[in-house]
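Keep the structure open beside you as you read.

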Amino acid sequence: AVYREFIKPWHVALNRLVHAYGGRFCHLHSHGNIMPIVPDLVEAGFDLLNPLDPTDGMDLAALKSRFGHRLTLVGGLPKYFFTLTPEAMSATLSDTLAACSPGGGFILMEASGVPDTVTRQTWRQFMAMIAPLRGRA
């Protein structure tokens, strides 16, 4: 109710202004479980939403199904992704991409960005996992 009364009108005005410049997009960055207000964010005119961390309770499959045609989803990988074993990383990538990639409108990203604690070995493993997905196998 607070969002709808006080913030959504400002978001609507902001998105109208941004879109009035033609070819511009408005991207909302919000951590946490904002599932209850996603319909309002779409109505307000946002084009992209991130980071969509599943550990925050963001239901990626539901978001893609309900709003994927109107909203680009950015994220999908949990903030602890780079601490997972290679097998768990691969399974998480597979599940995330199966839920979010069909039809486009999805940008894969780790919820917190790549931590500075990620080793070169872990980064290389990650890049090897996603290479076939990027058409660079």
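Helices (H or I, at least four residues) and strands (E, at least two) are DSSP runs, numbered from the N terminus.

Before going further, please note that this is a predicted model, where local features need pLDDT of at least 70 and side-chain atom pairs count only at pLDDT 80 or more, while totals for chains, interfaces and linings use all residues. Residues are numbered from 1 along each chain as its sequence is written, and side-chain values use heavy atoms, with hydrogens and water left out.

Met-89, Leu-93, Thr-96, Leu-97 and Cys-100 are its buried residues. They lie on the same side of α4 because they cover an arc of only 95° around the axis, the arc being that of the directions from the helix axis to the C-beta atoms. An α-helix has 3.6 residues a turn, so residues three or four places apart point the same way. What do the buried residues of α4 pack against? Their partners are α3, β3 (72-77), β4 (106-110) and α5 (120-130), with contact meaning heavy atoms within 4.5 Å.

Next, look at the interior. A nonpolar core is a set of buried Ala, Val, Leu, Ile, Met, Phe, Trp, Tyr and Cys residues joined through side-chain atoms within 4.5 Å. The largest one has 22 residues, and those touching the most other members are Val-38, Leu-41, Phe-46, Leu-49, Leu-52, Leu-63 and Leu-71. At least two residues of this core come from each of α1 (2-20), α2 (38-44), α3 (60-67) and α4 (86-100). The element giving the most is α2, with 4 residues. Take Val-38: setting aside neighbours within four places in sequence, Val-38 contacts Leu-49, Met-58, Leu-63, Phe-67 and Leu-71. A second, separate core of 8 residues includes Phe-82, Leu-93, Val-118 and Ile-130.

Finally, step back to the whole chain. Its 5 helices and 4 strands follow the order α-β-α-β-α-β-α-β-α from the N terminus. Of the 137 residues, 37% are buried. Among contacts between residues at least 6 apart in sequence, 60% join residues at least 24 apart.

Technical notes
Buried < 20%, exposed > 50% of the residue type's maximum accessible area, 1.4 Å probe, protein only.
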